[in-house]
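Dear colleague,

Please find the structure below, followed by a summary of what was found in it.

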Amino acid sequence: MAVGARRRGGGRAGNASRRAKGAIDQMPWNPPINIDQPTEPLNEEGVQAIHNGAMTILEDIGIEFLNEEAIELFKEVGCKVDGSNVRMDRHWVMEMVGKAPSQFDITPRNPAHKITIGGKQLLFGNVSSPPNYYDLEIGKKVPGTREQCANLLRLTQYFNCIHFAGGYPVEPVDIHASVRHLDVLYDKLTLTDKVVHAYSLGKERVEDVMEMVRIAGGMTDEEFEAKPHMYTNINSTSPLKHDVPMIDGCLRLARRGQAVVVTPFTLAGAMAPVTMSGAVTLSIAEGLSAIALFQYVRPGTPCVIGTFTSNVDMKSGAPAFGTPEYMRATQMTGQMARFYGLPMRASGVCAANVPDGQAMWETSNSLWSAVQSGTNIVYHAAGWLEGGLIASPEKFVMDCEVLQMIQRYMQPGITATGPDDIALDAIREVGANGHYFGIRHTQDRYQSAFYQPFVSDWRNFEAWEVAGGIWTAERAHQTYKDILSTFEAPAMDDGIREELQAFVENRKAEGGAPTDF
């Protein structure tokens, strides 16, 4: 049955779908600490095999760098440069990678939303960059708009389990590309007060975003450059290639002390070997080549190595996500990130086209592989559909239920073993013939003993049917509407808001970023 096909608008169905004002009860802002040991499918020989394979790629095959400034820097180091092909000594690569911090903070305009990347920290971000949008009200896939983008930013701010604002949650194609970054960053900086991201798509966009983040934080240039306040995420152009604007953007951020995430996009069987260890080896080589460059330019630059290694459907060539192969690749990359002492990025992704069962099991596989791998920062953790081509508010809300469950799962109280937790007195009191509902031990703890969902419906079939038989995506849609109706943007000083507006208008008057259309 199609999602939303059984919509009932009035009577008990309509009443059941409406919430009281105030949207939902959610868990507080508290980025989880991953208390579990990571899943490590590789033995020591396997780790060394991938490492030696990556180093051999860097030394013997080389990486194509299309950015001329990067080529000159590699020549300065003494790397072997042949046109755009760069081969680099493994000892130099390891020396440079060793300069990157294993953990660092990024502080947004609201210091209460500072995030720590590295160690056992686990952070979730919103869906980023789909060109299309889908919700149950529209009922079809449509190009993204500024309004839709802003509404997804409101969800990003609202949910405490979303810890940073990644790229555009949907590409607002109703705004010309030359000024799109100005409007969206204005919306992002005024509708959220969480850590934000800059696309490395040309110097104007990167420089504009850095300046807008500086203005929004009320900082001088010196204060902005003193510590990370934002980041960029780049993808290599697999196989074995880094393009011009992404390397340029990273160099600009690195020179100003901001954070860089390097995420090769290696699809096994298409842009990488069909074997997952081969795809991971290629990904590691591509990621380390860029990180080494950034450490040479500014030692200590906060860097994250990312994984976007999955497989394709060999029948159609379409990307597949949340597969067993994807999960193992993420776990393997986690082992390699720890080997290199680098924080790691993974993703919460799926290939499903609508917010249905397939969407949730593939995304859950992706998210739990991030947990298992010891990932620190999870991109696309809420709202992703169709392999990254669609953003959905219903999927965003449904994903946040899963994220909250992961956050609850990581709370040490669940596995505490103190006297009150072992509960021998309660066991003696109830004995073999009673129940635990009414005893003091339960009464003192029942409100916080277990996770309480905001989308899941735990009633039996008959009670669910009497309440209108509302399917999960429909409940998520109503939750989305409730959040929008009660949303309040975070506070911003009037003077700072006016300065941001003036900057945007001035840059628009200057033409924004150059385009060829």
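In what follows, a contact means heavy atoms within 4.5 Å. This is a predicted model, in which local features need pLDDT of at least 70 and side-chain atom pairs count only at pLDDT 80 or more, while totals for chains, interfaces and linings use all residues. Residues are numbered from 1 along each chain as its sequence is written, and side-chain values use heavy atoms, leaving out hydrogens and water.

Helix 5 (residues 146-158) packs against helix 18 (residues 472-486) at an angle of about 85°, and their axes are 10 Å apart. Helix 5 is therefore roughly perpendicular to helix 18 (65 to 115 degrees). From helix 5, N151, R154, L155 and Y158 meet Y480, I483 and L484 of helix 18. Five of the residues in this contact are nonpolar, one is polar and one is charged.

A nonpolar core here is a set of buried (under 20% relative accessible area, 1.4 Å probe, protein chains only) Ala, Val, Leu, Ile, Met, Phe, Trp, Tyr and Cys residues joined through side-chain atoms within 4.5 Å. The largest has 136 residues, and F65, F159 and F294 have the most contacts inside it. Helix 10 (residues 276-297) gives the most to this core, with 12 residues. Not counting residues up to four places away in sequence, F294 touches I234, I247, C250, L251, V260, V262, T301 and C303. A second, separate core of 13 residues includes I106, I115, I117 and I377.

Finally, four strands form an open sheet with mixed pairing, in the order 8-7-20-19.

Kind regards

Conventions: Axes are lines fitted to C-alpha atoms, for helices over the stretch in contact, and angles run from 0 to 180 degrees between N-to-C directions. Helices (H or I, at least four residues) and strands (E, at least two) are DSSP runs, numbered from the N terminus. Angles under 35 degrees count as roughly parallel, over 145 as roughly antiparallel, 65 to 115 as roughly perpendicular and the rest as oblique. Ala, Val, Leu, Ile, Met, Phe, Trp, Tyr, Cys and Pro count as nonpolar, Asp, Glu, Lys and Arg as charged, and the others, Gly among them, as polar. Buried means under 20% relative accessible area, exposed over 50%, partly exposed in between (1.4 Å probe, protein chains only). Two strands pair if DSSP finds at least two bridges between them.
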